[in-house]
Amino acid sequence: MTAIYKKEMRTYFTHMMGYVFLAIMLLLVGIFFSTETIGRHNPNFHMVLFNITTFFFVLVPVLTMRLFSEEARQKTDQLLFTSPLSVMQIVLGKFLAAFSLFLVGTVVTVVLPLMVRSYGELPVSQIVGTYVAFLLIGAASIAVGVFISVLTDNQIIAAIATMGAIFLMFIMETVALLMPVTTVASLIFVGVLVLGVAAVLYNSTRNIIVAVIVALLGAGAVAGLYFLGVLAFDGVIIRVLQWLSIFARFNNFALGMLNIGDIVYYISFAALFVYLTANVIEKRRWR
Amino acid sequence: MVEVKNLTKIYGKHRALDNISFSIAPGEIIGFLGPNGAGKTTTMNIMTGFIAATSGEVTIDGLDTVAEPERVKASIGYLPDTPPVYGDMRVVEYLNFVADIKKVKAGRKEMLQDIMRQLSIDDIPKRLIKNLSRGYRQRVGLAQAMVGQPKLIIMDEPTIGLDPKQIIEMRDVVKNLGKKHTVILSSHIMQEVSAVCDRVIIINRGKIVATGTPESLSKGLQQGSIKVRIKGDPAAINTALAAYPIISGITPEPSPEEGVTDLILSGNEGTDIREAIFNCMSNNNLPILLMKSTEMSLEEIFLSFTSSPDGQLRGGVSEASAYDSRPDAVGSVTGLRQQDLGQNPISKEEA
């Protein structure tokens with residue numbers, strides 16, 4: 001894992017991507033620091049970081065676009081996947097390299113609130129909370145980017161798809177509120193989800209019986225829940241979409257609240273996508 | 001060393017490997033021969049654990065590739081058909097990275113020095129790989145496979161894209177590797193394989209068509225037929241040949257010049273028809289411009305193999321002694337020559 005990590009870190013700085021990332025990041029920090037903090041005489045640093053998260057759809061692809069796509073294009077994936085490293089070690093090495101660069105960029109910005117501190121009182125808990133949220137959202141979106149880069153051997157496509165995905169997650173909260181909350185809509189949505197799970201199962205196992213059984217069980221469970229307590233279904237679309245909206249929880253942190261549930265949410269979100277990445281690679285071997 | 005049992009790989013509906021089995025003894029140099037798409041790369045990818053088989057198993061040094069992938073992979077060095085090199089790394093940097101991922105610790109520096117010297121890339125340790133020529137890149141790729149002294153080295157088309165001098169160098173390298181390692185290499189060039197390999201496995205359409213030493217196989221490939229170029233029109237030549245029943249097979253070839261006829265002539269098995277051809281032509285005052293024995297190259301055999309479905313070809317001279325499996329396929333090899341060689345682009349180039 002450390003070998004992959006070291007290689008990726010070196011590649012960031014031989015390929016300019018590392019510099020590009022840091023440059024964009026620090027430029028954004030500089031702009032928002034002067035408009036939000038200095039311009040408004042506001043010691044609360046959280047708006048600066050919050051504004052940067054709106055640019056994650058540019059920053060994250062810079063970090064993740066080439067991680068796996070370039071290996072596939074250069075055929076060096078054959079070297080990695082025939083080496084005595086496990087797939088998970090390779091994925092984690094790459095994920096951690098991207099995250100460390102993100103961490104480096106974030107740590108540099110700590111200078112700014114420290115600068116403000118010499119001119120007055122700092123809302124320390126809010127700022128610490130904001131930084132934690134910033135890093136967690138970063139980890140979650142980098143995991144999504146890593147996952148997308150394994151799906152293609154073209155880094156441009158990976159970059160654009162990652163942009164789209166992160167932008168979608170960013171507007172997800174607004175989109176979610178537009179969704180219908182009626183029971184029927186929820187039922188249809190859950191039904192589609194069950195079918196989706198069955199389809200994925202069939203696709204990965206090629207076992208039609210298992211897929212049909214799962215679909216029937218799911219349908220049975222949905223029907224059972226429907227007849228037992230209708231309330232369970234109301235607004236289920238919104239709840240699912242909100243789960244995907246990783247930016248929505250930023251505000252809790254910005255108020256200085258470190259909610260364990262939110263932290264677990266982000267970590268499990270990142271872990272899910274790291275796991276999916278490894279899974280896609282493993283599955284590709286069996287195809 | 002290597003034990004492959006009933007290996008099958010199915011991509012969607014395409015059966016890339018169909019139940020193949022073979023075994024390789026320690027220290028052997030094995031050549032995989034076959035046309036593009038025969039399943040060579042698939043077999044190698046499965047052995048190295050890059051892809052998984054649909055069914056069947058591969059054990060390397062007694063270890064199952066699926067059950068203990070990490071230990072198996074540690075004992076294999078793999079050079080895929082495209083050298084898996086990072087263009088933005090320097091040669092030494094790259095080999096150090098490979099040593100890292102292969103978890104080589106002790107004596108790394110000496111080992112890398114030694115490998116680079118063996119492949120004569122020790123003069124370019126600081127060059128960026130993307131600036132290297134194809135031949136050098138291939139050697140860096142091979143150096144990568146040798147890092148960590150794996151017991152088994154697998155090379156997919158190691159000489160493709162190299163110039164003749166580099167090919168000869170590569171052969172020497174492979175021969176040297178064979179002293180310490182078990183080597184498997186694939187190729188679609190017979191000479192290539194016969195020059196270095198102890199044993200050859202010929203595959204086509206996912207099946208093993210033949211195995212044997214290069215000598216036994218090439219004996220089977222020499223058909224005893226003669227290519228001639230004669231000054232004169234075909235009708236006269238045919239009349240002349242009719243008087244010599246010993247020349248039993250006559251296949252016209254496209255002729256390169258006006259007033260000249262190209263033919264492939266063959267006799268019955270074990271007969272030498274060269275003298276008969278000379279006598280026949282000189283008696284009829286037909287000057288022989290060219291006379292050479294045709295050796296069937298593997299490319300020719302496989303081109304014909306892939307262009308006609310099995311079993312539809314006329315069976316010909318029995319050459320089965322060289323092939324220890326699949327008599328139907330062997331029949332095809334000899335039978336198809338008479339039909340198909342005429343349209344074969346490779347044999348035209350010989351002229």
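Helices (H or I, at least four residues) and strands (E, at least two) are DSSP runs, numbered from the N terminus. The structure is a predicted model, in which local features need pLDDT of at least 70, side-chain atom pairs count only at pLDDT 80 or more, and totals for chains, interfaces and linings use all residues. Residues are numbered from 1 along each chain as its sequence is written, chains are lettered from A and ligands numbered from 1 in the order in which they are written, and side-chain values use heavy atoms, with hydrogens and water left out.

Chain A has 15 helices and 0 strands. Its C-alpha trace spans about 65 × 50 × 30 Å along the principal axes. Of the 287 residues in chain A, 47% are buried (under 20% relative accessible area; exposed is over 50%, partly exposed in between; 1.4 Å probe, protein chains only). Contacts (heavy atoms within 4.5 Å) were examined by sequence separation. Among those in chain A with a separation of 6 or more, 79% join residues 24 or more positions apart. The accessible surface of chain A is about 13,700 Å² (Shrake-Rupley method, 1.4 Å probe; for residues, only the protein chains shown count as cover). Carbon and sulfur atoms account for 74% of that surface.

Chain B meets chain A through 32 residues of chain B and 26 residues of chain A. The buried area is about 2,500 Å² (accessible area, 1.4 Å probe, that two parts lose on being put together, summed over both). Carbon and sulfur atoms give 60% of this area. Phe50(B), Tyr86(B) and Ile101(B) supply 26% of the area that chain B buries against chain A, more than any other three residues.

The interface holds 1 salt bridge (a side-chain nitrogen of Lys or Arg within 4 Å of a carboxyl oxygen of Asp or Glu). Asp100(B) and Lys6(A) form it, at 3.9 Å from N to O. On the side of chain B that touches chain A, strand 1 (2-11), helix 2 (69-74) and helix 3 (91-101) of chain B each supply at least two residues. Helix 3 of chain B gives the largest share, 6 residues.

Over all chains, the count is 22 salt bridges. In one of them, Lys7(A) pairs with Glu71(A), with the closest N and O atoms 2.5 Å apart. This pair links helix 1 (residues 2-14) and helix 5 (residues 69-74) of chain A, 64 residues apart. Both Lys7(A) and Glu71(A) are buried. In chain B, Arg229(B) and Asp262(B) form a salt bridge at 2.9 Å between the closest N and O atoms. Arg229(B) lies in strand 11 (residues 222-231) and Asp262(B) in strand 13 (residues 260-267) of chain B. Arg229(B) and Asp262(B) are buried.

Gln149(B) has a phi of about 45°. It lies in the loop between helix 5 (134-146) and strand 7 (152-156) of chain B. Gln149(B) is partly exposed, at 38% relative accessible area. Glu157(B) has a phi of about 50°. Its place is the loop between strand 7 and helix 6 (164-180) of chain B. Glu157(B) is buried, at 9% relative accessibility.
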